[in-house]
Each structure stands twice: as structure tokens, then as C-alpha cells.
There are 4 protein chains.
Amino acid sequence: MAPPSDAQRLANTPPGAPPFDVMRAAFVELRVRDLAASEHFYSDLLGMIVSARTPEAVYLRGWEERQHHSLILRQGRAGQVPAASRLGFRVRAEEDLDRLAEHFTERPSRWSDAGTDPGMGRSLRVWDPFNYPLEFFHAVEQFESQHQRFDLHRGAPLLRFDHLNLHSPRVEDAFRFWLSLGFRCSEYISTDDPEAERITGAWLLRKPTVHDVALTAGTGPRLHHFAYWVAEPAGVLRACDQLAGGYQSHVIERGPGRHGVSNAFFVYLRDPDGHRIELYSCDYYTGDPDHKPLRWSVNDPRCRSFWGARAPNSWYDESSLLIGPDDHTVAIEPANVDERTQHTEVMA
Amino acid sequence: MAPPSDAQRLANTPPGAPPFDVMRAAFVELRVRDLAASEHFYSDLLGMIVSARTPEAVYLRGWEERQHHSLILRQGRAGQVPAASRLGFRVRAEEDLDRLAEHFTERPSRWSDAGTDPGMGRSLRVWDPFNYPLEFFHAVEQFESQHQRFDLHRGAPLLRFDHLNLHSPRVEDAFRFWLSLGFRCSEYISTDDPEAERITGAWLLRKPTVHDVALTAGTGPRLHHFAYWVAEPAGVLRACDQLAGGYQSHVIERGPGRHGVSNAFFVYLRDPDGHRIELYSCDYYTGDPDHKPLRWSVNDPRCRSFWGARAPNSWYDESSLLIGPDDHTVAIEPANVDERTQHTEVMA
Amino acid sequence: MAPPSDAQRLANTPPGAPPFDVMRAAFVELRVRDLAASEHFYSDLLGMIVSARTPEAVYLRGWEERQHHSLILRQGRAGQVPAASRLGFRVRAEEDLDRLAEHFTERPSRWSDAGTDPGMGRSLRVWDPFNYPLEFFHAVEQFESQHQRFDLHRGAPLLRFDHLNLHSPRVEDAFRFWLSLGFRCSEYISTDDPEAERITGAWLLRKPTVHDVALTAGTGPRLHHFAYWVAEPAGVLRACDQLAGGYQSHVIERGPGRHGVSNAFFVYLRDPDGHRIELYSCDYYTGDPDHKPLRWSVNDPRCRSFWGARAPNSWYDESSLLIGPDDHTVAIEPANVDERTQHTEVMA
Amino acid sequence: MAPPSDAQRLANTPPGAPPFDVMRAAFVELRVRDLAASEHFYSDLLGMIVSARTPEAVYLRGWEERQHHSLILRQGRAGQVPAASRLGFRVRAEEDLDRLAEHFTERPSRWSDAGTDPGMGRSLRVWDPFNYPLEFFHAVEQFESQHQRFDLHRGAPLLRFDHLNLHSPRVEDAFRFWLSLGFRCSEYISTDDPEAERITGAWLLRKPTVHDVALTAGTGPRLHHFAYWVAEPAGVLRACDQLAGGYQSHVIERGPGRHGVSNAFFVYLRDPDGHRIELYSCDYYTGDPDHKPLRWSVNDPRCRSFWGARAPNSWYDESSLLIGPDDHTVAIEPANVDERTQHTEVMA
């Protein structure tokens, strides 16, 4: 058997043991152009629960979620482009926040007091080495779960926040960064060149599902999508039917279908600002410590589209910009590897 | 091979060729004690569409249906017991009504003018030889189908009226009557006694599904249930979840489950007056003229419960009384065969 | 309200009353290049039941079907192109065959004796005015249905033959022909030009489902696809998973998805010769005589793809050739209207 | 607000912080009377994968599982009653085994060398204070997951071992024991007596799902059931259809249905020795440290049967005996609280 390539060695690197416990991906904040239109999309069309409203923002959660919110819609100012302004992660204890602050002293960061967001304790925002705006928090108000109020559910329904997918110009570098935060890899895509195999996509986890964060090669740093868990494929189909039945099929960008990677049964939707949300079902348990990453060849069309349906170019090209410490969008650069062109699934 | 028994010969009798064309079971009218409560059940909980309201009645239809209504809820007077007052069948042409009137000159009958019910043409009510109140009609106002307004559907949803199930004290006699109206048999249940095999249940059709009318042995004449078609088992489960999620699980009498007979994936609900409605899915095509009836032994527990779950006694014992020509409930008598006691599925 | 266009008048024309009763679309015969490979596809991958084998042909049926076969695979000779050689329709009685022979005296035709195909009585093949090879039969051997042998089912499973879809160069002319055979229209697609609205697709039925025959504008005469009914969307997804799980995702051409037209939940597969089979679910009841056709604009992307996913060009361009009376493929001509280019769903 | 009762205080007690990490419930060993019959049940009927066979035992796993096995069937000797002989838990590291041995010095225990079971490292069996035979292990051979070999799956399919459900004569005492091992509570059932509220059932977890171990009041110590995860309700229904289609409906004891507790969509089957296996779907994420237990009243019929279908008495009364250190079955005693009689769901 051939010795593992550098890419394979990286994918199989055990996670670091940092002095803090980042438990899971937990929320996203989107800057939107029309707060009412965005609330209509997430609340009326997708059926999410509104937890709180302020003059500038709406806070929403899924039907299973007890955490006060997992999605923040924030009204941008006139002329501002839509963007993702915070990628939220929950840590196990308040002290973890202080340890993260120490860990990131070299990076731009910002503390927010408890109550800055309704229902949430103090939080620490850090722009990581690639300028993704990560926000860490521990304390958060708890609601009763509404997962069995089936009489109130709509569409899928969206049960809980599942993961963030990041367009990354340098996937392997970003991969090392997330390892250092204690994440490990469940699946990855790499090139077939025996001399220079390169990772073009990586699925990284803290909670024992397929992922909390995915890194996929693309112009970035940008947010490709965030995802909510739905209980079963039938729910994903129902969401599509409800959207199309109400003359909203234009918001469906890709799917429904199954990914080879992660085994997800998915559909991707675009909100009024083009932010992309995935309804996600059917992944698997990854919690055992000797759970080894699964490799997919970038040339295997099943990895991104298990049944073969082609993704539209927009799905590969378009992503949400991010907000930097200066409140402007973060500069982006093209990816150093190309995942897409080798896929037979992509349209000519 | 043994010669067929009398029961088998009856089951395989070709349908008569009467001078009228009864196309299909098409509606039911229920006398209810509290019209608002009944409307709430069918419209709010089960999500049916209200087509019209009068001071005394509410007219409803399923999401796929173009016919003005398939369910009529009619307020009874103080002290009246709940009952089924009309079992509706659509005929192919206006002339069929006149031919039916001629056919039934020996039986009590009643014409209603067009417009007596909103949206419906003239109709002929006949009390058949067993005193079931059959109502025949042809002309009916058409709506646009709402089958693709998935955004408005609730629960299952209920797509279209499918069939009527009658508790019959003399199943074999009733079977012969329905043959004379042009119905034929798709499935039947009979006893195993080689000397005296008796039919205890029969599924009879005009439209090419498993049935328009089922006859099952029981104290009668009574209406055991009426059924609406839902597209798939997932819809039946969702209806149960929505009912239970809204604290209405007490209306679920039996199921969800699968019948051996008809292959139906079903659930049975009881409305506020105890009238029983089935949500019904998964039957099959029966339209070819040489389609032979399928026999089930009354001792095969799979025929009524394919997976083995036991039906509650209420499902065997309770049914809706019927209204006779004198506006009082029709007298009932016990069945001359017992379907239930031979079933292992029944609780001791 | 504007007066109906010529196209709308055609779509709403009542069916003719010919002196024969063509009950339903019932089978297809495919000329294949490698009989073993084709049998593997339909029997092993799709799980159909083999009813009979001869040295030159394999006869298959679905799990619900009692009719001896609904699919014939016939080995072509060296150098012959794959093609569809018979489009089968069942008639209600033997006499209907004689009346069809009289009706088609002007067209090439051919009688086959009972037993020419295993399990089938005499049959009449007629090349209709557009050179589609229609084959009519009545007598056919019956098997017991295997619809409840769930332990033996594979994939979807394919329950019963549902319909034929024909690529037609002159849809409106073909529409009139099928009206004359007693078919009527459930849905149609037409252009939006108020002066010259043209029908570009029509769904025509005898049995009370959405269709037995669909006519869609395209180079022809050719067979676009034949379809089998599956019980529910979950079965269609499972078929896709089983194909892809066994490394056969390349046979999936389009879907799974939902059509606006017919409400079908579908997937299209290509067999080893490129013949196209649809797994089809979720249509509706059309049996009432006043059931009016539903119109879709050719410019409404929902009509062919309710959720918006784009069809590959192959789905619009490729179809099975047909076999003429001389045993050669029938000459084809381009369509006189273009359905595809007006669709936003089609890839540039 | 009333102060919490003792029962509520217990349910909300934070887990202990023992010096070992029991990660999750991981396998069960069953002593069977006819090894071939049991293998047929789990492998042929339920479709599990056989990982290894020895003359005395068969080792099986689910389709997603990489761990060598999660079910061991072991041939009992003539005259021995069927029983559960090991309840397996995976620990995070080899050292955890030594720490567990120290922790349990007062209890009967037994080390097994690596390789005693095929594919498994050394293990420690301990009879806990209630005489349940717990077996802890860390090292185990890994297979490639077969979760996407959908072409090979049968029925549900069974993806992975999910939990153990124990009949416990003293639920509250057992609850305290499991807290001491680091487990915490997701849901519990308790009586309504304000003076003496008692816990009658508790769902306890290490991995962040609803449970690894459930304790339910009943004669014990016994194993009520073990459960495998299936991806979706449609899979549970398919398993029922496949069993019944193959004339095995007698193995279905209860369901399919939904539990209020845990939100599971379930079916319970009995193997040839009466051991009970649950096919389990639809639970939820419980991984956040402030995830509070959900209380159900023992008098709420929805807690055990969300839709209301009654459980057979056998489901409450019957359980698998356990094997003690002397290789004989462990003595049992009746429960000190009665869960069942207060349920309206139970048959008179």
C-alpha cells in the first residue's frame, strides 16, 4: 500500500487539544437589505419561530431548539451590500471565552456584554487568520422545545441549526486552523494527482455529526451556506412543494437531492438577499474517537451529487461576503485549487 | 381442485348491466349535534376546504376535488342522535337519474330540485332494500382543483372522497344488491368452513380502485366509515402528528397501519359525534374487466391488520346510524355472521 | 372573458365515440442490442418480475400487475439500432380488435395469432397516421398480484405500467387522432401568443388517471418514455439510492423531482440502449365526464419542473426511434412548434 | 411556583464527574436457544451484516457501523433459558477500563483478553449494584461503513446501535447509579402525587441523543429492549411491510407508532427467543450542557403512545432475563412503582 499523501496525512491529523471547548456551530447573523422581506422568508415561508424583535434585528430559532436564537437578521444601512456578519459557536463554559480571548490576542476581536443580543450572555467576536468573523458565547436563554407541536410546524420544518459551510481560498491552511481549535475531519475531497494530492473540501466537527464547519475551495473568505436539520427526506420534499405551491419556486437553487459527501438529503434555497440556506437531513454518528475520515476523489461525480443531477453554476460561484472589524466587507481572493472544473456534474 | 363454494361463486359473479351508470361514491351527509364543532374538526383540524355554508349546513371538499362538495355537515335538531343521512353517488348523465327512479319504484324515494344543496343539480334519494339512504346526482358545480396549493394544505391532506364502508347485517344479500347496480368485487373475506363458507366482508367498485362501497358484517344497516384519499403514508403519519401535537390524539381510534385487504395504509378518526373517517392511501388499479376478486380467510389476522396491531373493540362495534324516510333513524339488527370473534387481532 | 383560442377549443373537445373500447396503455416492446444487459437493467437493477423468456425475448411485469407482461425486451439483429417496436393498448373485448381492424383499413397493419407472445391472445398491430406502431390486444394470461410480497420487492418498486409519452412533430394533429380513438385531455401546454396559441404538449387518457398517452412536441415520431407507477415519493428516492449505491447513478437522467403537469413525483432513467423509463407517482383522479383540461403556459417554468431544477438537454432531444412495417426505423421530422426554448428551466 | 419535588430534583441533578469516560451504549449479547434461527432473524429478516462467526456465536453490525459488532448472538446450552448476557459500553480510552475496575472493586467483575471476542480488545465485565451485566471496552476493529451501499440494504435498514432499555425494580436508585457514571437525564416520567411524586421512567445519555440507557419501572433487573437507529419513519414502515409480506407479522409486537417520550418513531419486534428489538427513528440533539430534562406525567397517555394506540400487555410485562456471575439468571423482584396501571393506553 502506498504511503499516505500529505493531503491524507492532514485529513487524518488528530485534533488539537486547546484549553477551551468549542462545542458546536450555533448561529449565524445576516446583514439584510429589507428586514421585513427577510423575516417573511424565514418566518412565513420557511416557518421558523421568531424569538425576539428589535428595531434593527429579528431573532429566530428552529422548532427543536431551546437556545434563544440560531439566526439573526439585521437591517443593513442604505447602500450596504448583504453579508454575513457573525458565525456563532457555543462554548462549554464562560471560562472558555476568556481562554479564547487569550488564544486570539493577535487577532482583531471584540467583546459584547450580556444582553447586547436579546437572550444572550456576553460574547467574544474574533476575526480568525482568514478573516471569518467567529463569535463565541456560552450563556443563552432557554425556551421550551416546540419539536412536538406538529400542529404549528410548517413545511420541512427546520428543527435545529446544524452547520456552516465556508468558501475558502486556501482550504488546507484553514483546515489546520480548525484542527487547532479541536475540530476533526469526517470526510474530505481531494485531487487524484499522486504527486500533489490537494484537499479541495473538508467536513469538520465538534458535535458528533458529520460537521459543524465545512471548508470548500472557492473565492473567499465567504459563507457558502448555513444549514438547518430536518427530520427526514419527506420533510425536504414537503418544503419544496410548499414553496412551489405558493409560487416561490425561484428560491430553490439546487435539489432536492442527496450528497455523496455526508450522505445528506438536501435542498438549497436563496433568501431575498441571496444568502443560501440548506435544509439538511440524513447524516450519521461520528462520535467515536477512532472515527477515520472518508476520502472522496474530486473526480467522483457522486461526491457532490450522489444521483448525478448537475448543480447550477451559481451554487459553485456565489456566496455571502463577510463583515470585517471595520464594518466593511472583507477582501476576497480566488481559491488556490479548483474543485469544480473536474466535476462531470457541472454544466458546460 | 375443489369446486368453488357458493361464497366464492357469489364473489366471482360478473356485475349486472343495469340501464344506468352509477360512476362512483361521491359524498356523505352527516347529521351532527354541534355544527361549529364539526366544522372545526373537518376544516381546522383535518384541513378540508369549506365550499359553502348555509344556516343549517356546511359543505366541504378535498384539495384535489373539483366537485362542489363531498361532505355535508347538517345541524340536527335538539335531541336528535347523530346519524348519516345521505350516501351520495354520482351518475354519468342526467338520464341515469330517471332510470334509477324507474328501477326503484318499489322503494321509498325522494327527488330534490337543483339548488336544494348549494352547487348541486337535482338528485334522487332512494332507501335501498336494506334501508341505506342512497342519493344519486349528476350535475354539480366545479371548482378549480387546489391539489398543487401545497402552501395551503394542512396535515395529510385529504385529497378526494374515496369510498363508503357499510356495516351490514346480511352481507351476502347486500352483495347481490350491489352487483345488480353494476358494482363488482375486488376483495372479500369469508369463513373457512368447507361446508358453509360465508362471506363476511366484500369490497365493491365502480371506479377502478379497490372500492367505492365496502360491506362488512355487523349490526346494521349503519355507516361504518367514509374515507378520503391521501397521497402517501407520510401524509397519514403527518396527520397523526398534527392531531397529537395539538392535543387531539383522542380522535385517533385505530392506526396508523396497513390493511391486508385493499393494501391500504390507513388511520381511523372519530369526529365530535363519533362519525368515523378514514384517511386512506396505497390501494391499486382494478379497471381491467377480468380482474378477479382476491379472497382472504376470516381467520387470517393479516387481512384486517397486515402488521398485526389489534383493533380496539369500538372499531368493530360502533357505527353511525342512518336516517330513514320518516326522518327517524333506521332500525338495526345484528349480523348473521360474525367477522370479529375469529380474528386473533381482537383483544380478549 | 376572451373567447377560447383554437388551441383551447381543441383541448376541450369531447372525445369521439368510436365503435371500440381502447381501455388503457398496457405494454411496450423494446428492440435491444444486448438482451442479457437489458434484462439485468430491468430485472436486477429495477427489480421487475420476469414472466417468461424465449431465445429472442424477455417478458416482464410490475409487482401489482396480473397481466402476463407489460414490457418486452427483444434482441435486435447485428447492426440494428435500438428502437421501440410496439406500443401496446388493451381493449375491452375481442370484438374491439375486429372493429379496430375495420377502422384502420387504410393503414398498414398486421395480425398476430394467440401465443405469438407467451401469455397473450391474438393482437392487431397498426401503424397510425403518424407511423407509431400501436398494438391492440384483449386476451392475456393472468398471474396473481405480488403487490404485498414486500419481502421480495426491490427499489421503488415498479408496480404497474402507467403511460406512454410520445415525441410528436405535429402535436395538434396527433391530438385530434387520439380524440378520435376516444381519449380525452387532462392537461396541456400551449404558447402564449394570443393570435396563434399552439399546443406544445397534451396529456390524454382512457383510464381515469392523468394519462395513458402524452404527446410532446419534438422530432418524431419517437417514443420519449414509458412509465411505471410507484406507490409514493419515498419509493422513487429509494430507487435512486439503490442505483447510486450500486454505482449506477449514470443511468439517472433527470430528477427526482416534481412535474407541475400531472403533479407527478418522477425520476427518469436510461436503459443500456438509451430507452427512457420514468418512475412515476402522485397523479390524480380524472374519471368524471366533466373533468376539464388544465392549461399550462409553455413559459411557466413550473409546468415541467415544479421546483425549478433544470432538465438536461438530452431529456428534450433524445428519444427512441420506432419500427415501421418494413422492420426498419420510421423516418422522423422536426417538430412544428418548439416547447423547449421558451423554458427558463433549460440550460443555455 | 411550587418548589421542585424530590423526584424533580433527582431528574435535574447534574451528572457526576467520574474518573472515566463511558462514551455510549455499544452492544448487547444475547443467549439464544437456536443460533441458526436467531441469525436468520437478524441477518435475513432484518438485514444486519454478519461480521464474524464462531462455533458458538454470531457477531453482527448495522449498515452505518464501523465498530466490528454491536450484537452478539451466543448459543445457550440445552435447557438454558434465553437471556441477555452482556450490556456493552464503549469507553474513550484503554485507561478508562482500569479506572472502572478500581471504581467497581466491590462488585463482581471479570476481565476478558483482547480477541476473546473477534475484533475486540480487552474488556471488563461488571455486575452493577442491581446485577445488570455491564461490559466496558475500548479497542475494537473498524470496518468501512456500508451506509451508502443502499443496493445491499434490506428493510429499514438498521443503521447503528442506539440504546438499551432496562426494566428496573427501583428506578430512582438505578437513576442515581447512572448519574454517578456520568450520565444525565433528557426525559422522565413521574407520578402526579404532590406529596410523593415518584419517577417511573428515566432516559439517560452520554452521547448527545435522547438516551443510551432508559430505566423503566418493572420487574427486574431485566433488559426490556435494545434499539437500532433507522434513518426515517418510511424505513420503519418498510421493515413492517417486508416482515408481513414474508408472513412474519407475528414478530411485530407493538407499533409502528410514535412515543411522546423521546419523540421516537418506533416499532418493537420479538426475536425467536422473545428478546425485544426496537427500530428507532426521529429523536433529537441533547448535547448542550444546560439541556434540562423534560417531565411527562405518568397519567398522560401521550407519553408512551403519542397517537393513542394501546400497547399490548406483553410489552409491559415481558423482558429478557440477565446472566449473573455464576452463569445463572439473575434473581428478579417486582417494581416499587407501577407505571402501567395509570395509563389509559393499556387494555383492561
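**Buried residues, salt bridges and cysteines in a predicted model**

I will start with one cysteine: at 0% relative accessibility, Cys303(C) counts as buried, because buried means under 20% relative accessible area, with exposed over 50% and partly exposed in between (1.4 Å probe, protein chains only). Before going on, some ground rules: this is a predicted model, where local features need pLDDT of at least 70, side-chain atom pairs count only at pLDDT 80 or more, and totals for chains, interfaces and linings use all residues. Residues are numbered from 1 along each chain as its sequence is written, chains are lettered from A and ligands numbered from 1 in the order in which they are written, and side-chain values use heavy atoms, with hydrogens and water left out.

Now the cysteines. A disulfide is a covalent bond between the sulfur atoms of two cysteines. Here it is called when two cysteine sulfur atoms lie within 2.5 Å. How many disulfides are there over all chains? The count comes to 0. Cys282(A) is in no disulfide, and its nearest cysteine sulfur, in Cys282(D), is 11 Å away. Cys282(A) counts as buried because its relative accessibility is 10%. Cys303(C), where I began, is in no disulfide; the nearest cysteine sulfur belongs to Cys185(C), 13 Å away.

Next, charged pairs. Side chains of opposite charge can pair when their charged atoms come close. The term salt bridge is used for a side-chain nitrogen of Lys or Arg within 4 Å of a carboxyl oxygen of Asp or Glu. Over all chains, that gives 129 salt bridges.

Take chain B. Lys207(B) pairs with Asp162(B) in a salt bridge, the closest N and O atoms being 4.0 Å apart. Lys207(B) sits in the loop between β11 (199-205) and β12 (213-217), Asp162(B) in strand β9 (residues 160-168), and the two are 45 residues apart. Helices (H or I, at least four residues) and strands (E, at least two) are DSSP runs, numbered from the N terminus. Both Lys207(B) and Asp162(B) are buried.

A second salt bridge in chain B joins Glu253(B) and Arg276(B), with 2.7 Å between the closest N and O atoms. Glu253(B) is in strand β14 (residues 252-258) and Arg276(B) in strand β16 (residues 276-281), 23 residues apart. Glu253(B) counts as buried at 15% relative accessibility, and Arg276(B) at 2%.

In chain D, which residue does Arg270(D) form a salt bridge with? The partner is Glu253(D), with the closest N and O atoms 2.7 Å apart. Arg270(D) lies in strand β15 (residues 265-270) and Glu253(D) in strand β14 (residues 252-258), so the pair ties together parts 17 residues apart in sequence. Arg270(D) and Glu253(D) are buried.

Staying in chain D, His163(D) is in strand β9 (residues 160-168). His163(D) is buried, with a relative accessible area of 1%. Its side chain makes a polar contact of 3.1 Å with the side chain of His211(D), and one of 3.1 Å with that of Glu278(D). A polar contact is a pair of N or O atoms within 3.5 Å; within protein, one must be able to donate a hydrogen and the other to accept it, and residues adjacent in sequence count only if both atoms are side-chain atoms.

Last, a helix. In α3 (residues 94-103) of chain C, Asp96(C), Leu97(C) and Leu100(C) are buried.
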